[in-house]
Amino acid sequence: MPSKTPPASTMDMFDQGPKSLEELNALIERAGPLVPGATQAVFGEGPVGADVAFVGEQPGDQEDRQGRPFVGPAGQLFRRALAEAGIDQDHAYLTNAVKHFKFEMRGKRRIHVKPTAGEVKHYRPWLMKELEFVRPRLVTALGATAVLALTGKQTSVIRARGRAVLAGFPGYVTVHPSYLLRLPDEESKRAGYEAFLQDLRNIAHLVNADPETGELPQAAQ
Ligand code: URA
């Protein structure tokens, strides 16, 4: 029987030390999804040295099909809110804690399944490396999975919402845009969106910190 060399574990590949974002993404692509099913890895998008990196949970159905982050319904809501809050998407980096879509079939529909803490941990070294390459001025966690990925701790977003230190960067915690879509009625949707917009405005204010000293203003929480 010809013996097949087993694929290098993700940590082995990580230890080879990617020298750039492109090399890192190539490693992630080569590793493939931890849970089978995804069409492709969905990488972060945006410039190195971005004003702000936004970290979501994991790609959804549309992101998996198109190979781009935040292009489905929650992503469209998010991009609309960014524009409304005056955050230039050309200066923002959008990425996810987990790089592959996980789902279950309901009829013909692929329904998103939240990643486990173990799955988040698996992808975490890659996210840390990614942020090291991107070097954003500020990192924003969108929802609890991103907070877990960035801090290693399970934290309630309600409690952590506002300024934070995330993965060693000045940071900010807010809700995930898909939470806004799940709110039960028009009034809570409107209030939820307003509060999210206020967080994004705070973030816009924070990234305008003194470029000389790098000091962040004491922004409103
Ligand atoms: N939700 C996420 O967390 N990320 C995406 O890219 C899309 C939806």
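Leaving aside neighbours within four places in sequence, threonine 140 is in contact with Val52, Ala53, Phe54, Val55, Leu166, Tyr172, Thr174 and Ile203, where contact means heavy atoms within 4.5 Å. Before I go on, this is a predicted model, in which local features need pLDDT of at least 70 and side-chain atom pairs count only at pLDDT 80 or more, whereas totals for chains, interfaces and linings use all residues. Residues are numbered from 1 along each chain as its sequence is written, and side-chain values use heavy atoms, with hydrogens and water left out.

Threonine 140 belongs to strand β5, residues 138-142; helices (H or I, at least four residues) and strands (E, at least two) are DSSP runs numbered from the N terminus. This threonine 140 counts as buried because its relative accessibility is 0%, given that buried means under 20% relative accessible area, exposed over 50%, and partly exposed in between, with a 1.4 Å probe and protein chains only.

At 1.5 Å a residue, the 21 residues of α9 (residues 186-206) should span 30 Å, and the end C-alpha atoms are 30 Å apart, which agrees; the expected span here is 1.5 Å times one less than the number of residues. At the N-terminal end, α9 is capped by aspartate 185, with a side-chain oxygen 3.1 Å from the backbone nitrogen of glutamate 187.

Which residues does glutamate 130 touch, not counting those up to four places away in sequence? They are Leu21, Leu24, Gly44, Tyr93, Thr95 and Lys99. Glutamate 130 sits in helix α5, residues 117-134, and counts as buried because its relative accessibility is 1%. Its side chain makes a polar contact of 2.8 Å with the side chain of threonine 95, a polar contact being a pair of N or O atoms within 3.5 Å in which, within protein, one must be able to donate a hydrogen and the other to accept it, and residues adjacent in sequence count only if both atoms are side-chain atoms. The C-alpha atoms of glutamate 130 and glycine 44 are separated by 8.4 Å, although the two residues are 86 residues apart along the chain.

Turning to the loops, phenylalanine 70, between α3 and α4, has a positive phi of about 55° although it is not a glycine, and arginine 135, between α5 and β5, has a positive phi of about 50°. Most residues other than glycine have a negative phi. Are these two buried or exposed? Phenylalanine 70 counts as buried at 5% relative accessibility, while arginine 135 is exposed, with a relative accessible area of 53%.

Finally, the largest pocket has a volume of about 910 Å³, and of the 34 residues that line it, the closest to its centre are Ala74, His112, His176, Ser178 and Arg182. On a 1 Å grid over the protein atoms alone, a pocket is an open set of points with protein on both sides within 12 Å along at least five of seven lines, and lining residues have an atom within 4 Å of a point; grid points are joined across faces, edges and corners, and a volume is the space filled by probe spheres set on the points.

How values were computed
1 Å grid on protein atoms, 1.4 Å probe; cavity = no way out; pocket = protein on both sides within 12 Å on 5 of 7 lines; lining within 4 Å.
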